[in-house]
Amino acid sequence: MFIPHLASTLEDIAEESVSILCTTFTGTSSRMSSKSGVVIMLRIIKRRKVQPSPLIRAAFPGLVSCLVAFPLVCSTLSAHATAELSHVPKHPSIPVNGMSDQATQAIPDWYRRASARNGIPWYLLAGLDVYGATTTKVPPDVVRPKGKPITVTGYRFPTTFWQGLFNPVQNDDNPKRIALFEGRGRDGDNDHKALQDDPYDRVEAIAAWLRSGGQTEQDQMNVLWNTLNNPAGVERVLALSNVYRKFQTTQLTARCFPLHKRYNYSFRDTWGEGRSFGGRRIHEGTDLFADYGTPVLSTCYGYVELIGWNRLGGWRIGLRSADNQYFYFAHLSSYAKQIKQGAIVRPGQVIGYVGSSGYGRPGTSGKFPPHLHFGAYRDTGTREWAFDPYPLLKQWERKPQVVIYPESKKNKIKH
């Protein structure tokens, strides 16, 4: 009886054996004639010959003959193969959905390749990968090289899912053996290895995994819902995807100071100071004092995740950046036109105006001097935690600023 999975595994073993023998032959032939090299090769094969079982002989009657015959043609084919492969790039460029090369230059090649192969939009792959990079922890069973900490650079599958639940080889990178044990690992760059730390392999595995749920976008969304089991996480993946789709790139890390710098303002580090309204608590952010109506600017490429009234923050906006950081703007007097939940924004775009709203019912204002409360948060996948934004603000303050007004005002001011 012929077993396909057994055949694939035995082919891998045969390929590894031939590779070892060819290396021996090449090293030997450099010191003697090709004829002598062949004789020595045949002797090595004879000396290392192992009698296969009757089952293997029945399934693969020509296996042993192939191992003997293949080295005889290695020297003839090696020079020709080397010359041909030297002209083939390791990661050839693949156009996506008919887009020109110029339009895809800012899209990492691993997203474009996986999209073309699996029919998954590149921006969806990027959204999940970037979200995973900011929320996924390194599994405890991953081998950490001495003195070299491992950082997560994208969405990462648990090791057992990557290599297959019953795979006996720990940290296996053999794509055929991984497939034999129904693992999710893939070889995305044709180097005969499946490594999660290789972005080509990781993104190819993500695309194949999403594709396994079906061909429609709803089928792929179901895969996300069933795996992440986190409604907020799925919403963020989709929203980040929309940001990448709009700007046609993932290179969206630019930042901008949150106030129009031509207006008067002042600020200091107010992180950790005590607050009493709403209960004893500490101040998680920086207060930037300015006059009523001072334009408040988006600090990043991203989208409006939250907008509306908050008892403590008054009229507030929550922006999610394209690299999954959350920025909180509170105590506004009003919002700019076209700013609503889900709106996609860019650095320097006017999103609102300084006020003194908050500390009461909707519309409450004037209980403190006008200022912008600015907060910054990181997403762990299960919760968000605040960090002191003051060092970032001082850094952004030194950068040039381009202010983008609502569409009713076409002019832009550069400082």
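The following exercises, each with a worked solution, concern a predicted model.

Residues are numbered from 1 along each chain as its sequence is written, and side-chain values use heavy atoms, with hydrogens and water left out. In this predicted model, local features need pLDDT of at least 70 and side-chain atom pairs count only at pLDDT 80 or more, while totals for chains, interfaces and linings use all residues.

**Exercise 1. Overall composition**

Task: State how many helices and strands the protein has, and what percentage of its residues is buried.

Solution. Step 1: the secondary structure comes to 12 helices and 14 strands; helices (H or I, at least four residues) and strands (E, at least two) are DSSP runs, numbered from the N terminus. Step 2: buried residues make up 44% of the 415 residues, where buried means under 20% relative accessible area, exposed over 50% and partly exposed in between (1.4 Å probe, protein chains only). Step 3: among contacts (heavy atoms within 4.5 Å) between residues at least 6 apart in sequence, 59% join residues at least 24 apart.

**Exercise 2. Helix H10**

Task: Determine which residues of H10 are buried and what covers them.

Solution. Step 1: H10 spans residues 217-228, and its 12 residues reach 16 Å from first C-alpha to last, close to the 16 Å expected; the expected span is 1.5 Å times one less than the number of residues. Step 2: the buried residues are Gln220, Met221, Val223, Leu224 and Leu228. Step 3: viewed down the helix axis, these buried residues fall within an arc of 150°, so they line one face of H10; the arc is that of the directions from the helix axis to the C-beta atoms. Step 4: the cover over them includes helices H6 (122-135), H9 (199-211) and H11 (231-247). Step 5: Asn229, with a positive phi near 50°, follows the helix.

**Exercise 3. The nonpolar cores**

Solution. Step 1: a nonpolar core is a set of buried Ala, Val, Leu, Ile, Met, Phe, Trp, Tyr and Cys residues joined through side-chain atoms within 4.5 Å. Step 2: the largest such core has 38 residues, of which Leu125, Ile206, Trp209, Leu210, Leu224 and Tyr244 touch the most other members. Step 4: the contacts of Leu224, leaving aside neighbours within four places in sequence, are Leu124, Leu128, Trp209, Leu210, Asn229, Val234 and Val237. Step 5: a second, separate core of 30 residues includes Val296, Cys300, Val304 and Val350.

**Exercise 4. Strand E6 and its partners**

Task: Describe how E6 pairs with E7 and with E9.

Solution. Step 1: two strands pair if DSSP finds at least two bridges between them. Step 2: E6 (residues 302-310) runs antiparallel to E7, with 8 bridges, and a hairpin joins the two through 3 residues. Step 3: within this pair, Ile307 stands opposite Ile317 of E7. Step 4: E6 also pairs with E9 (residues 344-345) in the antiparallel sense over 2 bridges, where Tyr303 stands opposite Ile344.

**Exercise 5. Ser321**

Task: Locate Ser321 and decide whether this residue is buried or exposed.

Solution. Step 1: Ser321 lies in E7, residues 314-321. Step 2: its relative accessible area is 0%, so Ser321 is buried. Step 3: beyond four places in sequence, the contacts of Ser321 include Leu240, Arg255 and Cys300.
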